[in-house]
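Thanks, everyone, for making the time.

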Amino acid sequence: MFGVVFLLLCFITGYFICKIVFPSLNEVTKKTFRGETILLPKWFIQVPAWFLTGTLIMTWLTYLVGYCFKSQREPLFFANWIVMPTILLFCVINIIIDWKKGQKPKKFSWKENFPQTFGEWIFVFLIVLLITQLIFWTFYIKEEKLGVGLSVFSDFSPHLGMIRSFSYGNNFPTQYAHFAGEDIRYHFMFQFLVGNLEYLGLRLDFAFNLPSIFSLIGTFLLLYVLAVKLTGTRMVGYLTALFFAFRSSPTFFVFLINQIREKGSLFEAVATLKNNIEFIGITPYESWGLWNLNVYCNQRHLAFSLMALLLALLLFLPLLYEQTKRLKTIISSNKNQASSWKIKLKFWFQTSFLTTQSWKIKDFKLAIGAGILLGSIAFFNGAVLIATLSILFVIAAFSDRRLEFLCMAVIATGFSFLQSAFFVDGNIISPSFYFGFLAEKKTIEGVLSYIFRLTGILPFVLLISFFIFCKGTERVIFVAFTAPFIMSFTLSLTIDVMVNHKSIMLSLMLVQIFAAGQIATYLKKKLVIFRIIAVVFIFCMTATGLYDYHTILVRNSPKNNLEYDLNDELLCWIHENTTSKDVFLTANYYLNNMLLGGAMLYNGWPYYAWSAGYDTNYRSMMVQKMYSASSKQELYQWVEQENIRYIVVDYANRTSEDYDLREDVIDMAFEKVYQSGSDEWMVSIYDTKKRK
């Protein structure tokens, strides 16, 4: 199956790219950032890095070659048959070059490549089990029926529409499935990857789920490596992964107390908790599942981009420790002079800004490669790119070889602007000052109240960690990790400030390393009281997340999931008779068989397009005009002006409260090319190219 071949080539290509551009990855797992010896499994960082880099290259090449063949009926046919053999040739050439240089493959070392501790084996087993269960629980195909989880179907509407626009259609130049006829402002490249895998023969659920599983597993593994390298303790890695999976929040405790008060009995309250299928919350939109594992189920592209962030940190954080080590050496050799903080500050300034080491570029391949890597994720998830650059900006201020950071940032930003200029007519990002994020009261007190209601005891644990357990370098890293969090509460980069929640989750994922470090220290103490405190902290920081996980499983059980017949007559008709250039005038749909057939909607559910920056008000007005047109001439004018190919009339139109449907005018104006159902449930499709 060519879809499997494509994925294998992603890993193999990534192997050779990382070998050439990021050779230091081979040494990353041998020492902590502070220089202490530690032996972590190499594949914990190498396999995610291979998948990330190889997939970025393969996906972008396939898209760009496909774009060159956009005039053909099946651009992906030409794209894949050009890209895959070319990539295979690239791999063979590299093997030959290594052979001619006498570079024999190193003898395989079980000790270097695989876990040496029982804890790491259990860790890998649990994350693979957790992730595979979540991903296939929320999206699967069984007996030609597509099952979509109740907690993800809304977000999957634009995602599956984009996927099918590539696997079933020719979406070059690319348009948004819920707002066809204009540019593409949504980061769609992960959906393109999935669409191409389905085109190559992978069943839709495997095409969507396998890259999602690889991405989320890779994120957990890289996060574990980062935590261990920062602290030198495996326990911190396990706890960081635990806190990443199961969020800290007081929501569970508040909900339980309210249920006990309402029911009058703990047993009845527990029964309510057991049967509940709604996400609980005490802050705005928390009931959407905005902060828990559900985000990684419905925003599959997020985890893929998080791998790029974590890989960049693993590559660039050593430069921070290089300067720290240099500064300590200088202060140590001048102990008599460096007796006061003023003198130490002077030494730091001289070391940081007035020496060659603090500015020079030592590794061009790292700077250029990382810049291209980060720039390439702009249309996989632009928010992660911005967050990554903000973190690295803070780290660069206290690091050696700052010009490498600058070179990386310029290349990444340049790639991002280049992609925006190619895909978008105008600007995707329109930053503006917006204080408070989703806090009900936009004051300092209101924001602090919101943060504590959202994250529970986590801020207190982090404050203790920052002021008591962290030292100079760790404090710099801590502050750098909070950069996306601070930006999210002070800036709105798009019209929809709620999208900042991903940057907040990203920031919390990283700073929780320090919370995990503090708790791990307590667990090592001999005094029982410290261990009790650690257990209490762990329970308070995971209880809500664990209950969210239970809710995800219950909410997305097969009896609650939405099912779509993949052999549906309407779906098959659209697939066989229309293209991605055909714009459908419809009611405001979420996810249905039309989108699964590859239909491009003139004005789908408005929230998706509105949050991406499209003018949905205008199109909503035009939808009303076209469906309520009083004459054929008027309808001809609007349809031609808006480039509508097909008009769909169904139950949603007939019962709409936004307009009075003139089905008789539509029927007199155009030929009906599809019909199914009866009475008010009848689905009729009219072809505007066939006027009466």
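Let me begin with accessibility: a residue counts as buried under 20% relative accessible area, as exposed over 50%, and as partly exposed in between, with a 1.4 Å probe and protein chains only. Please keep in mind that this is a predicted model, in which local features need pLDDT of at least 70 and side-chain atom pairs count only at pLDDT 80 or more, while totals for chains, interfaces and linings use all residues. Residues are numbered from 1 along each chain as its sequence is written, and side-chain values use heavy atoms, with hydrogens and water left out.

Let me turn to the aromatic rings. Rings of Phe, Tyr and Trp (for Trp, the six-membered ring) are taken as a pair if their centres lie within 6.5 Å, and the pair is called stacked if the planes are under 30 degrees apart, edge-to-face if they are over 60, and tilted for the rest. With this rule the count is 74 aromatic pairs. One of them is formed by Tyr-15 and Phe-16, whose ring centres are 5.0 Å apart with planes at 70°, so this pair is edge-to-face. Tyr-15 is partly exposed, at a relative accessible area of 33%, whereas Phe-16 is buried, at 5%.

Which class does the pair of Tyr-607 and Trp-610 fall into? Their centres are 5.9 Å apart and their planes stand at 40°, so the pair is tilted. Both belong to helix H25 (residues 606-611), where they are 3 residues apart and therefore separated by about one helical turn; helices here are DSSP runs of H or I with at least four residues, strands are runs of E with at least two, and both are numbered from the N terminus. An α-helix has 3.6 residues a turn, so residues three or four places apart point the same way. Tyr-607 is partly exposed, with a relative accessible area of 30%, and Trp-610, at 30% relative accessibility, is partly exposed as well.

Ring pairs also build a cluster, which links Trp-60, Tyr-63, Tyr-67, Phe-166, Phe-172, Phe-188, Phe-192, Phe-379, Phe-422 and Phe-423.

Rings also have charges placed over them, where a charge sits over a ring if NZ of Lys or CZ of Arg is within 6 Å of the ring centre and within 35 degrees of the ring normal. Arg-300 lies over the face of Phe-208, 4.8 Å from the ring centre, and Arg-402 lies over the face of Trp-359, at 4.9 Å from the ring centre.

Now to the helices. Setting aside neighbours within four places in sequence, Phe-11 is in contact (heavy atoms within 4.5 Å) with Val-47, Trp-50, Phe-51 and Phe-214.

In helix H7, 10 of its 11 residues are buried, so to speak a mostly covered helix. Among the buried residues of H7 are Phe-192 and Gln-191, the latter at 1% relative accessibility. Not counting residues up to four places away in sequence, Gln-191 touches His-159, Met-162, Ile-163, Tyr-186 and His-301. Following H7 comes Gly-201, with a positive phi near 115°.

Finally, the backbone in the loops. Most residues other than glycine have a negative phi, and most peptide bonds are trans. Phe-437 has a positive phi near 50° and is found in the loop between strand S3 (432-433) and helix H18 (444-455), but Phe-437 is buried, with a relative accessible area of 1%.
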